[in-house]
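Hello,

Here is the structure I promised to hand over. My notes on it follow below.

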Amino acid sequence: MSRIVDGVTRPAPITVEIDGAMIPAHPGETLAAAMVATEIYRMRDDRSGAPRGLLCNMGTCSECFVWIAMEDGWRRRRACLTPVEDGLRIATHEVPL
Amino acid sequence: MTHEVLIIGGGLLGCAAAWHLARAGLAPRLIEARGINAGASGQNAGSLHFQIERRFLEPGGTAHAQGGDIVRLNRLAIEEWAGLEDQLGRPLDIHMHGGLMLAENEADLALLSLKVARENELGLPTQLLSGAEARDLVPRLAPHICGAAWLAQEGHANPRILADAFADAAKSSGASIETQSRLLDLRRDGDHWQATIEQSGQIATARARHVILATGHWTARIAARMGLNIPLYLAPLMMSVTDRTAPFLPYLIQHVGKRLSMKQTDDGNMVIGGGWASAPQKMADGLPDLDAPPHLVPDNLRANLAVAAGVMPCLRGRSLIRSWTGMTCISADQLPIVGEVPAAPGLHVAAGGSMFTLGPLLARMLARSIIERAMPEEIALFSAARFAHLNAFVVPS
């Protein structure tokens with residue numbers, strides 16, 4: 001998936017870190033939007049190890065839970081409800097902080 | 001069509017009663033307006049609590065006067081749950097590894113001591129633990145927890161699968177179970193009841209000698225349409241679940257002075273509840289809409305989570321992944337109302353408090369009362385007859 005470019009003006013890009021890789025995002029986007037625009041569709045694994053990703057994109061299905069580094073440790077958040085911020089650190093699987 | 005028993009409602013109570021009646025050869029018919037387990041039976045937090053409940057210890061509570069009967073029933077419920085997987089022949093996610101009712105201060109501890117003494121006198125083997133002993137069992141309890149009442153048989157079960165297990169077993173034993181099948185009208189017709197039922201747009205009538213209203217929080221309104229007063233009041237609640245964490249809590253956690261239930265699922269999620277209210281949606285006339293899910297009350301959610309994190313500080317590192325609401329009902333004296341309604345012979349009810357923990361046992365007792373044509377003496381305290389005075393001016397219709 002990619003961003004619509006024609007006729008759209010976006011703020012200058014910022015950077016979020018996903019599983020160690022730096023990806024660009026624009027303020028105002030959700031984390032889910034930035035991830036799929038970078039072709040990261042695997043947002044978590046279920047307990048059998050199968051990949052799960054964005055389904056409803058409105059906070060209902062809980063399929064897009066990722067780990068976000070916060071002051072007090074990793075927190076689960078729905079990527080589709082989380083606005084991007086410069087320097088945000090994301091993991092799609094549980095790793096030591 | 002004429003049936004010996006028509007059961008209205010496909011929750012835990014109705015499905016379990018259907019199974020017991022079917023095994024006795026009564027071939028009951030069960031109708032459910034939505035789907036099996038769609039109401040409170042599948043919405044509650046799944047606690048198996050057998051200590052005298054916090055709400056009975058509050059001012060006006062009935063623990064003192066009726067404690068003996070409550071404890072006696074809880075002991076029977078323990079046996080019921082312990083035997084369920086064998087009886088139904090399948091795993092049901094039932095965990096009975098013990099439960100702790102916590103005390104956070106001296107006042108809590110005094111109440112807990114009284115409660116344990118009373119329970120022991122009544123034959124329930126609760127034990128009073130010091131704070132240190134409680135932390136030996138659950139090291140992550142907060143350091144200020146100063147005591148706990150321990151009961152080895154408490155625990156939790158999975159509310160999402162139990163009613164279906166009963167429904168399957170009931171069908172195998174000859175019960176007829178119909179979903180999307182709504183009761184439109186119920187009236188007396190000689191020595192039978194006549195029900196008008198809507199199913200897939202078709203309207204049909206059925207006659208039955210006995211009708212069980214296993215309809216949870218809808219019971220009072222259905223009864224009211226028949227002119228009967230059953231004192232059951234709406235209890236809209238909320239429950240929450242956190243993300244998964246490595247297993248550390250095999251026990252049920254409750255609090256003697258605050259509303260709290262907490263347990264960890266097989267997958268590692270923490271389920272948190274304890275009787276915090278949600279807000280029913282309203283109909284045009286201002287009355288609560290019994291068919292719509294209640295709204296979450298953010299202040300109550302925060303308060304519930306604060307109580308949980310207060311006794312288990314590691315929860316502050318967890319993320320809430322979902323909260324949900326559901327409606328149950330509570331009777332005028334907080335005890336379940338079970339059995340035949342004296343003003344309406346052949347009409348049986350079962351609702352009004354602790355219906356997950358007590359449900360399998362009360363369903364068995366209710367079925368027995370129909371099969372044996374007499375109320376089992378174990379549940380005399382819960383008989384609908386105690387509210388017979390409310391129907392003194394009712395003309396049975």
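Helix H5 of chain B, residues 106-121, holds B:Glu119. Helices (H or I, at least four residues) and strands (E, at least two) are DSSP runs, numbered from the N terminus.

Before you read on: this is a predicted model, where local features need pLDDT of at least 70, side-chain atom pairs count only at pLDDT 80 or more, and totals for chains, interfaces and linings use all residues. Residues are numbered from 1 along each chain as its sequence is written, chains are lettered from A and ligands numbered from 1 in the order in which they are written, and side-chain values use heavy atoms, leaving out hydrogens and water.

Is B:Glu119 buried or exposed? B:Glu119 counts as buried because its relative accessible area is 0%. Buried means under 20% relative accessible area, exposed over 50%, partly exposed in between (1.4 Å probe, protein chains only). The side chains of B:Glu119 and B:Thr126 make a polar contact of 2.6 Å. A polar contact is a pair of N or O atoms within 3.5 Å; within protein, one must be able to donate a hydrogen and the other to accept it, and residues adjacent in sequence count only if both atoms are side-chain atoms.

B:His348 sits in strand E18 (residues 347-351) of chain B. B:His348 is buried because its relative accessibility is 3%. Not counting residues up to four places away in sequence, its contacts (heavy atoms within 4.5 Å) include B:His210, B:Leu213 and B:Ile370.

B:Glu32 is in the chain B loop between strand E2 (29-31) and helix H2 (40-43). B:Glu32 is buried, yet has no salt bridge. A salt bridge is a side-chain nitrogen of Lys or Arg within 4 Å of a carboxyl oxygen of Asp or Glu.

**Where chains A and B meet**

Here 9 residues of chain B are in contact with 9 residues of chain A. The two chains bury about 710 Å² between them, 31% of it on carbon and sulfur atoms. Buried area is the accessible area (1.4 Å probe) that two parts lose on being put together, summed over both. How many salt bridges are there between chain B and chain A? The count is 1. A:Arg47 and B:Asp267 meet in a salt bridge through their side chains (2.6 Å, N to O).

Best wishes

Methods: Lys and Arg count as positive and Asp and Glu as negative; His and the chain ends are not counted.
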